Structure formats: structure tokens, C-alpha cells
Amino acid sequence: MSQQHLPSNTVEFTPWPNDIAHQYRDKGYWLDLPLTEILSEHRNSDSIAIVCGERTYTYRELDSASSLLALHFCEHGLGPGDTALVQLPNVAELYITFFALLKAGIAPVNALFNHQRLELTEYARQLEPSLLIASRDHALFADDGYLEELKALTNIRLTLFHRENLTRVFDKNMESKTTNSFLPTNPEQVAFFQLSGGSTGTPKLIPRTHNDYFYSVRRSVEICGFSPSTRFLVALPAAHNFPLSSPGALGVLFAGGTLVMASNPEPTRCFELIDQHSVNTTALVPSAVLLWLAHAATAREKLRTLTLLQVGGANFSESTARRVPVELGCKLQQVFGMAEGLVNYTRLDDSDEVIFTSQGRPMSPNDEIRIINSEGEDVAPGHTGQLITRGPYTIRGYYKTPQHNSRAFDNQGFYYSGDLVQQTPDGNIRVVGRVKDQINRGGEKIAAEEIENLLVKHPQIINAALVALPDERLGEKSCACLVTQDEKIKPLVVRKFLRAQGVAEFKLPDHIAVLPEFPLTAVGKINKKALRAHMQNL
Ligand code: AMP
Ligand code: DBH
């Protein structure tokens with residue numbers, strides 16, 4: 001499927017075929033409403049939408065602050081066809097900004113707060129944003145050096161900083177004079193970009209339309225039973241697809257509940273927030289669950305109000321899963337999702353067996369999944385194969401990467417997830433491995449090729465292969481295997497070299513090993529399977 005060529009005030013993406021789009025509309029999945037409608041039902045409510053440190057925002061204030069900010073964008077001549085690069089920590093302003101951009105028809109990418117120069121520059125290169133929204137609390141923006149670099153690379157016309165000019169625009173004491181008469185982009189067009197964990201040299205952007213994303217949020221809310229009484233702790237990086245949409249913050253706001261912001265999943269502070277704000281629901285990655293379990297041994301009473309813990313993003317062992325209700329005193333829901341679309345949930349009324357031993361099943365009746373072998377044939381029931389999928393909220397192509405798209409999607413529009421799964425007779429999915437060249441470091445994904453490309457730029461490094469090694473806490477850690485000119489090359493030097501290239505900290509190799517040569521496959525590629533086995537046996 002080729003990318004659609006559109007008028008200049010729209011953003012490019014690969015559309016669903018017309019007949020399929022019709023079906024999704026007929027079934028009521030696509031409502032042709034913009035994502036801003038997430039706020040519509042509770043727009044005038046004085047109940048609390050967001051608790052962020054000492055500050056709170058009611059629904060009315062959230063709506064009015066985002067309108068003021070949208071107006072500010074419009075006054076600067078920004079609107080449909082424009083894109084924005086946003087990097088904010090876990091603060092209320094992240095959602096205010098998100099809704100403001102949607103209202104003004106500007107399509108943002110929300111970079112994670114731990115992304116560094118390399119990632120941001122790549123997103124900017126691909127998106128050519130007209131607007132930058134960032135935080136001076138991030139080392140990159142502490143002074144204007146990097147900002148100037150970005151400006152030289154792009155056409156950024158407006159820059160707003162958190163707690164500086166961004167916050168002044170919508171100071172919550174200012175009553176909105178606006179009437180919400182903005183024009184978001186057409187609901188079948190791109191609303192914003194999600195980030196892919198990736199498995200290739202360059203990070204990929206995921207265009208999500210209003211129609212598809214809104215459906216995924218509404219359906220998630222239905223499955224997870226979110227309601228006005230949901231009090232959700234945002235502890236994972238807020239821009240990530242899981243805490244944003246499964247049902248995440250957008251689900252909470254759609255349901256009329258309350259968000260409580262935590263800067264990260266560190267248990268001491270999170271337990272206090274849960275206690276103080278009667279939080280009943282949250283979403284974590286498995287490595288954070290382990291920290292919470294350890295902390296709960298002495299502070300369990302702080303979790304009195306917690307009723308539901310969603311866990312996803314990386315492999316979650318059955319033995320840890322079984323500890324959740326016993327030691328944290330709440331229900332467990334497993335979530336297996338991807339920013340490209342498909343999200344699987346165990347259902348709240350599933351048996352313990354399903355909840356503890358599977359990662360759930362697709363949320364939509366129209367999610368099509370196939371589990372295939374390396375020849376592309378469906379495996380026998382219960383056998384292991386790669387999960388491929390298409391459906392009403394799974395993208396048909398990454399942004400502006402035709403070559404990669406021809407590999408990541410087949411001509412039927414199925415997305416190749418790279419995950420190895422099995423399906424149980426009752427239709428639930430177990431994630432058992434992966435074929436994509438990626439390390440899943442406690443839910444943070446590292447594309448091996450991206451780091452290998454950086455490593456071989458070092459004059460002493462002849463060849464590099466990044467592989468996953470098992471880790472008790474994170475599930476996996478990364479190990480950079482190097483063939484070098486100087487076998488005494490110091491790990492410190494290698495890490496410093498990578499850091500100097502501006503790569504996010506979590507992508508720096510945990511281990512570095514120098515080898516005389518790499519095991520090769522029959523065709524002469526690095527045999528990563530053999531390499532991983534070799535490293536594990538050392
Ligand atoms: P991303 O590309 O960053 O959106 O990450 C999506 C990937 O995370 C999936 O394709 C899986 O590899 C992994 N993942 C997400 N949820 C789970 C889970 N519950 N169990 C195992 N792996 C998961
Ligand atoms: O890991 C993920 O990307 C993920 C996990 C759970 C996701 O995107 C989601 C739920 O929506």
C-alpha cells in the first residue's frame with residue numbers, strides 16, 4: 001500500500017483500504033470524531049481530572065487551559081499540516097499540551113523524557129516540526145545549545161518551555177474566553193505520532209489517526225471497567241502507549257476519573273501517592289512490579305485502596321504474577337500491547353489460570369491475528385509462531401519509510417509484530433519470545449541495530465553485536481559484543497563514546513565483551529543466537 005498524497009495541510013500516512021474502513025464505521029468502531037472529544041462529556045465538570053504535585057486541574061480547567069494554549073498556537077499561524085516535537089516529564093502539562101495540539105490540528109510526537117539528542121534529532125529530522133515544547137529540567141535544554149542545533153535543522157517557529165512561557169499561556173487563573181470552536185484535523189487523518197520500540201537502525205514514527213486511537217481508548221475503557229470513580233496513578237513514562245491509551249490517561253479522562261501523576265514508578269513515592277489520593281488503579285512494567293513487591297513487605301497498608309494493577313510491556317513470569325494479589329492485595333490484569341496498535345488484555349472476570357499464565361486476548365472482535373512459521377504458514381494450534389495482525393486500530397505503515405514498511409507489513413496489510421507467541425485453546429495469547437532484533441530492558445525497547453551502528457563508528461571497534469542477556473530484575477539487559485583492534489578497550493570508553501553521540505542512557509550496554517571473532521551463520525551473518533548462548537555460558 002503506497003503512502004497517500006494529500007493536500008499540504010494534512011500529514012502523510014498509509015490509510016486503511018476503503019472497504020475495510022467502511023466496515024469499521026458500520027460496526028461503530030470509527031465514529032469520525034476527533035480525539036478532543038475524549039473531553040466532551042466531562043468538559044464542564046468541576047471534578048478533579050489531574051492531581052500533579054500540589055496542583056489540581058478540574059475537567060473544566062483542563063479544557064479551558066488546553067483551549068488557551070490552542071489559541072496561542074493559532075495566533076502564531078500554526079495549524080493543520082504542522083507537526084510538533086514535545087518532550088515533557090510526567091506532569092499535567094503533558095495532557096494540556098496534547099489536547100491543545102489536537103484542538104489546533106497540530107500533530108505532535110511525544111518523545112520520552114529519557115530520550116536524548118540522538119532520538120530527538122531523529123524525530124525532528126523525520127517530522128520537520130514547526131513547534132517545540134520541552135522542559136528546561138532536561139539536561140539537553142538546560143541552555144540553548146541544542147535548541148539552536150534543532151532550529152538549524154528544522155523550521156521551528158515557536159518554542160515553549162514548561163514552567164516558563166508554556167505555563168504562562170494557560171495560567172489557570174485566566175478564564176478561557178474561547179468557545180472551543182477549534183478545528184482539529186479530520187478524524188480519519190493523523191492525530192499524533194506514537195514511538196516504536198524499533199528493531200532497525202533508525203527510530204520509527206507511528207502515525208495514529210483520531211478514529212483508530214479513539215476506538216482503542218473507548219474499547220479499553222469498556223474492557224477495564226474504568227468509570228468516574230477510577231483514580232489512576234501515572235507512574236510509567238506518560239507518553240508511552242500503555243499509560244496513555246490502554247486505557248491509560250486518555251481512558252481515565254474519557255471515563256471521567258482522576259489522574260494522579262508520579263514522576264516514575266519508584267515505590268516509596270508511589271505508595272505515598274496511592275495512600276494520599278486513594279488511588280485504585282495503575283499500570284506498571286514487570287521490573288517495577290518487582291520493586292513494588294519488595295517495598296510492600298513493609299508498607300502494604302498504603303495500598304489499601306488499590307484494586308487493579310495492570311502489567312505489560314515485557315515478559316511477566318507466572319510466579320511473579322501469582323504474587324500480585326497475595327502481596328499487593330489487588331487484582332492483576334495482564335496487558336500485551338504495541339504502539340503500532342493491537343492490545344491484548346486478560347479480562348477482569350477471567351479465571352486465575354488465564355490471568356496468571358497468559359497475556360490476554362485481542363480487545364476488538366475485529367482484531368485479526370495469525371500465528372505463522374518462518375515460511376509464512378499458520379502454525380498448528382498451540383504451537384509457537386510469529387504474531388501478525390491487522391485491525392481497526394493497527395497501523396498500515398510507519399511514517400515515510402516505504403522500504404521498511406514493505407518488510408514490516410505484508411500485502412494483506414498484516415503487521416509483523418516480531419513477537420513469538422502461542423495461542424491457548426481458549427484463545428488467549430502467551431508471549432514466549434521474539435524474532436525481532438530488539439532488547440526489552442524492563443519494558444524499554446532497544447533496537448540492536450541502532451546501537452551497533454553507533455558502536456562501529458569508534459575507530460577501535462571493527463564489528464559490534466548487541467544481544468540480550470537474562471536479568472532477574474529487568475528481564476533482560478544488553479550486552480555489546482565487540483571485535484576490536486585493541487582488545488583492552490575499556491567499557492568506560494565505549495559507554496562514553498556512545499553517550500557523546502547523544503543516545504538515551506537506557507540504551508547504553510549493561511555489559512561489554514570483547515571477542516576475537518563472531519560466530520557466523522551459513523550465509524555469513526552474525527549468528528546472534530549462538531552469540532547469546534555463548535555469552536550466557538561464560
Ligand atoms: P513498542 O514497540 O515499544 O510499542 O513495544 C511493543 C512490544 O513490547 C511488543 O511487540 C512486545 O515485544 C513487547 N510487549 C508488550 N507487552 C508485553 C507483554 N505483556 N509481555 C511480553 N512482551 C510484551
Ligand atoms: O509495550 C508496549 O508498547 C505496550 C504494552 C502494553 C503498549 O503499547 C500497550 C500496552 O498499549
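Below is a short chat about the predicted model shown above.

Student: What should I know about the model before we start?
Tutor: It is a predicted model, in which local features need pLDDT of at least 70 and side-chain atom pairs count only at pLDDT 80 or more, while totals for chains, interfaces and linings use all residues. Residues are numbered from 1 along each chain as its sequence is written, chains are lettered from A and ligands numbered from 1 in the order in which they are written, and side-chain values use heavy atoms, with hydrogens and water left out.

Student: Which residues are around ligand 2?
Tutor: Counting a residue if one of its heavy atoms lies within 4 Å, the shell includes His240, Asn241, Phe242, Gly337, Met338, Ala339 and Lys445.

Student: And which element gives the most to that shell?
Tutor: That is strand S13 (331-338), with three residues; helices (H or I, at least four residues) and strands (E, at least two) are DSSP runs, numbered from the N terminus.

Student: Which polar atoms lie by the ligand's oxygen atoms?
Tutor: A polar side-chain atom of Asn241 lies 3.0 Å from an oxygen atom of ligand 2, and polar backbone atoms of Met338 and Ala339 are each 3.4 Å from an oxygen atom of the ligand. A polar contact here is a pair of N or O atoms within 3.5 Å; within protein, one must be able to donate a hydrogen and the other to accept it, and residues adjacent in sequence count only if both atoms are side-chain atoms.

Student: How much of ligand 2 does the protein cover?
Tutor: The protein covers 95% of the 290 Å² of accessible area that ligand 2 has on its own, by the Shrake-Rupley method with a 1.4 Å probe.

Student: Changing topic, which strands pair with S11?
Tutor: Strand S9 (residues 231-234) pairs with S11 in the parallel sense over two bridges, and S12 (residues 308-312) does so in the parallel sense over four bridges, where pairing requires that DSSP finds at least two bridges between the strands. Thr282 of S11 stands opposite Leu233 and also opposite Leu309 in S12.

Student: Last one: what does the side chain of Ser66 contact?
Tutor: Ser66, found in helix H2 (residues 59-75), makes a side-chain polar contact with the side chain of Lys103 at 3.0 Å, and Ser66 is buried, with a relative accessible area of 0%.

Terms used. Buried means under 20% relative accessible area, exposed over 50%, partly exposed in between (1.4 Å probe, protein chains only).
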